[in-house]
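Subject: structure handover

Hi,

Here's the structure I promised to send over.

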Amino acid sequence: MHIPENYLSPSTCGVLGAVMVPIWLLSIRKVKETVPREKLPLLGIAAAFSFLAMMFNIPLPGGTTGHAVGGTLIAILFGPYAACLAVSVALLIQALFFGDGGILAFGANCFNMAFVLPFTGYFIYHGLKKVISSDTVAAGISAYVGINAAAFCAAVEFGIQPLLFTDAAGQALYCPYPLWISLPAMMIGHLTLFGLAEVVFTTGVLAYLRKTSPDLFQLAAPASSNKSLFGLLAALIVATPLGLLAAGTAWGEWDAEELADTDFFGSALGYTPAGMENGFSFDALMPDYAIAGLPDAAGYIISAIVGTALLIIIFKIIASLLPSRPTFDTPAQH
């Protein structure tokens with residue numbers, strides 16, 4: 001679901017980035033008001049869960065792949081505003097260090113995965129809790145709807161590009177696939193395997209945390225040992241090379257060079273959109289979670305360690321810069 005560089009026009013990226021600015025500012029204010037400073041490092045761990053979840057690519061027949069995000073999981077634990085910040089920082093690390101998602105498309109990716117997904121999942125979760133006694137069922141349904149809402153938004157963003165931006169010959173300048181292609185292409189995978197992956201990840205991690213770290217579900221509770229959290233992180237890091245088993249590229253994430261030859265819906269595109277061929281480029285430090293000279297699995301694990309460490313450190317630094325303040329008795333209500 002990570003939108004790469006130049007798949008969306010600069011104006012589309014600018015609009016979605018501008019939309020995210022007040023959302024980020026409001027999220028910062030809400031987190032400062034509702035999440036005790038002592039709990040902020042846990043938000044870094046939650047962001048690391050999302051980062052690692054997105055490294056587990058799942059294959060879909062036809063050669064495409066997808067992944068879970070974990071946005072609803074974080075929203076259930078800390079509230080949607082905290083989830084927005086956590087997933088946004090995880091996406092920023094992915095874009096800057098690993099080239100996963102475009103720099104220009106950062107606002108668009110955050111709109112889909114850090115705003116639409118956790119807020120949708122959070123409000124559906126709390127609505128379902130009023131009529132469903134099972135927390136697991138409510139969390140699973142909410143995660144499923146949340147990731148599909150995000151995928152729908154990404155599909156629309158892809159699909160409007162050839163309708164709005166073409167050259168004199170009528171060829172698309174950016175993503176060349178209109179809505180009638182982008183919507184089913186994105187939604188089929190997310191309504192099936194990728195949505196199921198989000199359900200399994202969300203409910204599985206929640207069940208583990210309720211058993212090993214019940215204080216996480218009460219923001220006012222003093223932080224207990226984080227051994228179980230770091231144990232789960234370590235297990236996920238070691239398992240990340242499983243994401244390499246999925247052959248192919250996620251739909252809408254092809255390189256500009258391979259897009260012209262991509263055989264989709266029975267015929268190759270036959271050209272490279274000019275806006276993609278001559279657009280903005282950025283060289284990430286470890287593109288595609290790979291390190292030159294190392295086996296892919298080793299590069300993947302090292303990338304997972306680096307990303308996880310950066311997220312934990314960033315939120316620890318943020319916590320150290322904030323003044324200590326009284327805790328609240330209930331999680332943030334939004």
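Asp135 is buried, at a relative accessible area of 15% (buried is under 20%, exposed over 50%, partly exposed in between, with a 1.4 Å probe and protein chains only). Before going further: this is a predicted model, where local features need pLDDT of at least 70, side-chain atom pairs count only at pLDDT 80 or more, and totals for chains, interfaces and linings use all residues. Residues are numbered from 1 along each chain as its sequence is written, and side-chain values use heavy atoms, with hydrogens and water left out.

Back to Asp135, whose side chain meets that of Arg210 in a salt bridge at 3.0 Å, N to O (the rule is a side-chain nitrogen of Lys or Arg within 4 Å of a carboxyl oxygen of Asp or Glu). Asp135 sits in helix H6 (residues 135–159) and Arg210 in helix H9, so this pair ties together parts that are 75 residues apart in sequence. Helices here are DSSP runs of H or I with at least four residues, strands are runs of E with at least two, and numbering goes from the N terminus. Arg210 itself is partly exposed, at 37% relative accessibility.

Asp135 also has a salt bridge with Lys129, at 3.6 Å from N to O, and Lys129 is partly exposed at 33%. Through shared partners, Lys129, Asp135 and Arg210 end up in one network.

**The remaining salt bridge**

By the same rule the count comes to three salt bridges. One of them joins Glu33 and Arg29, with the closest N and O atoms 3.1 Å apart. These two are four residues apart in helix H1 (residues 10–34), which means they are separated by about one helical turn. Glu33 is partly exposed at 35%, and Arg29 is also partly exposed, at 43%.

His190, in helix H8 (residues 179–191), is buried at 4% relative accessible area. Neighbours within four places in sequence aside, His190 is in contact (heavy atoms within 4.5 Å) with Met1, Tyr144, Ile147, Asn148, Ala151 and Gly195.

**Annotated spans and a surface patch**

The unreviewed UniProt entry gives "transmembrane region" at several stretches, including 7–28 and 180–209; positions follow the numbering used here, feature names are shortened, and annotations may be inferred rather than shown by experiment. In the model, residues 7–28 are 86% helix and 0% strand, with end C-alpha atoms 29 Å apart. For residues 180–209 the values are 97% helix, 0% strand and 41 Å.

Lastly, Leu92, Leu96, Leu104, Phe280 and Phe282 make a nonpolar surface patch of about 390 Å². Patch residues have over 30% relative accessible area and no salt bridge; like charges are joined within 9 Å and nonpolar side chains (Val, Leu, Ile, Met, Phe, Trp, Tyr) within 5 Å. Areas come from Shrake-Rupley with a 1.4 Å probe, and for residues only the protein chains shown count as cover. Phe282 is in the loop between helix H12 (274–277) and H13, and is partly exposed at 39%.

Cheers
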